[in-house]
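Please examine the sequence and the structure shown below. The report that follows is written for a reader new to the subject.

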Number of protein chains: 2
Amino acid sequence: MRTEICERLGIEVPVFAFSHCRDVVAAVTNAGGMGVLGAIAYSAEELETELRWIDERVGGRPYGVDVLVPGKIAEGVSGNDVLRLIPDEHLEFVGRLLERYGVRGGELGAGLSRQADDAARRVTAAGATALIDVALQHPIGLIASALGPPPPEMVERARAAGVPVAALVGTVEHARRQVAAGADVIVAQGTEAGGHTGEISTMVLVPQVVDAVGDVPVLAAGGIADGRQVAAALALGAQGVWCGSVWLTTEEAETLPSVKAKMLAASSSDTVRSRSRTGKPARQLRSAWTREWDESADSPGSLPMPLQLLVAEGAMARIGPAAEAGGEGARDLANYFVGQVVGMMNSVKPARQVVYEMMERYGEAVDRLAGLGRD
Amino acid sequence: MRTEICERLGIEVPVFAFSHCRDVVAAVTNAGGMGVLGAIAYSAEELETELRWIDERVGGRPYGVDVLVPGKIAEGVSGNDVLRLIPDEHLEFVGRLLERYGVRGGELGAGLSRQADDAARRVTAAGATALIDVALQHPIGLIASALGPPPPEMVERARAAGVPVAALVGTVEHARRQVAAGADVIVAQGTEAGGHTGEISTMVLVPQVVDAVGDVPVLAAGGIADGRQVAAALALGAQGVWCGSVWLTTEEAETLPSVKAKMLAASSSDTVRSRSRTGKPARQLRSAWTREWDESADSPGSLPMPLQLLVAEGAMARIGPAAEAGGEGARDLANYFVGQVVGMMNSVKPARQVVYEMMERYGEAVDRLAGLGRD
């Protein structure tokens, strides 16, 4: 399992754990993999706190940070600018939805202003740059860009700091563009992955990306939760795996208990690629939220990113606590980003154990293949 | 690459080639794999002719036959019964479509009557039973059921003839049902496959099906066109691979030249899961046909199977020749079932060479994994 990228990044096993939860990042890093903290939820100050917390726990082992760099929103956009772009029709639809499912708490618009400021900050280039600056002041081993090619400034700063840049792609064409933009590591993400995904499956995408990018190392993402899938990813030509979903039901994960319970019970048929949470197609648990937005007759349709993200986050900030308080309707609505491997996530384990079990089953799979002979 | 199923079925490599073309079936069988003839297009008499042709060329090597057993259409349905179920609105839409794209040839309804008889025959249990009877009189090594659990009668006849029954599934639940119904081999087919598919990817589906069916051998289908993908499938726990798309651009394939050219040029983003050709979600080339049915404002929406199949086949019987004659509009409309691996099908080769290249790249992938060590 020790591929070239392990040497290059100074890790023991090429298992990359994308998580918004610092505990998962530290646990996987300490288990020999590389935790990668999703920084989108944080302000620069909050990110500083999180990274300091991780630094204190990983004993100098390298970990990574992932920032979302959409590059489509102009500078200087305020929360109120963004808010004004949300049509009344959509706010009214959400209001009716919350009422129909018994989620209380007054006008949706009231709580949105601060969230809008947050969202505007999170999706502008300036916001991303501030996070990159914070990240590069810590001993990180990888910086990742989740959307679109990394901006030249990010590549330059990372290069100057000696930190490799990873970029997520869903097509061969995007992989070529990312390499041209300076990405050092390509994460080829199949449609089965959680969150923002394309339409091409991991099995089909990975070997084509490997063939297209020459010497640039490729990690496989989407559909990977156990060691057989790690072995499959390496057989396809990947140098490692990038996993997000499998950590959501670990002991360390901060997943809402009501959502965690849904994930543990879900089969691989219980996810859907929907625009209803962010405005871009993102795989998530199928729930009353996705059904109402995507299928109901009175749905106004999802707004573009980041407006839909704002509407959805505003609603979820109400739905979450109501679901935890036992509200049936709120539980129907509750969901979260997760990939099709949710069908394999059937018990709560420490993140470290997930890594060790991956390594064990990987070994079994490789032994099995070796036992069949090479032809 | 020699798994248990090779011993059991008497083949050298566990590469199963689903094809409607007898030349491909014979070539792959002679290369050490197992060709499986898709019998849906044939009457019992035609199937007899095809299988005799294959028998004369494979020197006693076992091959397979695939029948579509929908089990939903009652006995005694005639072509005219089926025709009457097609709304005028749909026939008119197709008429406008053909006119708009410059495909001539008079009223669509005129040619449909014989096709309707064919379709009715093909999708009734009686039709399927006649095909099964013909198949079992030949020295076949496998009989496959493409839709739904194999009917008890099929299982009994195959058992009596000593022929294993294979069944295609897209979910773990279907796999359990198929095994309960008597299937001897499960083909776990991912969403990336061509033709009728579910939503779960091969990477996610295969290990879960392997875990669910105990000792029953599992073949992986969907996303498999080269040896790295074969190695990945075996790493996931499959005993072999079931490929359909990759043969469509071989020298032997009877794919229409205009469609073959589209496949050779297509990327993995150029397929879509659409109901527009059969009434059930089936992955196929994205073309003006799928766009007009699925996205245009005046589309009446696809009919249920087999009505949409009938409408589509009637139209394609006109579109094909017009495309071959150089009609631009007809070429825009032309399409065919194919999986996302179409992006890897970039040159015309003999089917035998496809098998040999799979074996070679499989060996390289296994060597690469072995070189990394088992942990």
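The following sections describe the interface between the chains and then the salt bridges.

## Basis of the report

This is a predicted model, in which local features need pLDDT of at least 70, side-chain atom pairs count only at pLDDT 80 or more, and totals for chains, interfaces and linings use all residues. Residues are numbered from 1 along each chain as its sequence is written, chains are lettered from A and ligands numbered from 1 in the order in which they are written, and side-chain values use heavy atoms, with hydrogens and water left out.

## The interface

Chain B contributes 47 residues to the contact and chain A contributes 46 residues, where contact means heavy atoms within 4.5 Å. The buried area between the two chains is about 3,800 Å², with 57% given by carbon and sulfur atoms; buried area is the accessible area (1.4 Å probe) that two parts lose on being put together, summed over both.

Four salt bridges are found across the interface of chain B and chain A. A salt bridge is a side-chain nitrogen of Lys or Arg within 4 Å of a carboxyl oxygen of Asp or Glu. Glu199(B) and Arg286(A) form a salt bridge, with their closest N and O atoms 3.4 Å apart. On the side of chain B that touches chain A, α10 (202–212), α11 (227–235) and α16 (351–371) of chain B each supply at least two residues. The largest share of that side, 10 residues, comes from α16(B). Helices are DSSP runs (H or I, at least four residues), numbered from the N terminus.

## Salt bridges in chain A

Over all chains, the structure holds 36 salt bridges. In one of them, Glu292(A) meets Arg100(A) at 2.9 Å, N to O. This pair links distant parts of the chain, 192 residues apart: Glu292(A) lies in helix α13 (residues 288–295) and Arg100(A) in helix α5 (residues 88–100) of chain A. Glu292(A) is buried, at 11% relative accessible area, whereas Arg100(A) is partly exposed, at 46%. Buried means under 20% relative accessible area, exposed over 50%, and partly exposed in between (1.4 Å probe, protein chains only).

Arg176(A) and Glu173(A) also form a salt bridge, their closest N and O atoms being 3.7 Å apart. Both residues lie in helix α9 (residues 172–180) of chain A, three residues apart, about one turn of the helix. Arg176(A) is partly exposed, at 44%, and Glu173(A) is partly exposed, at 42%.
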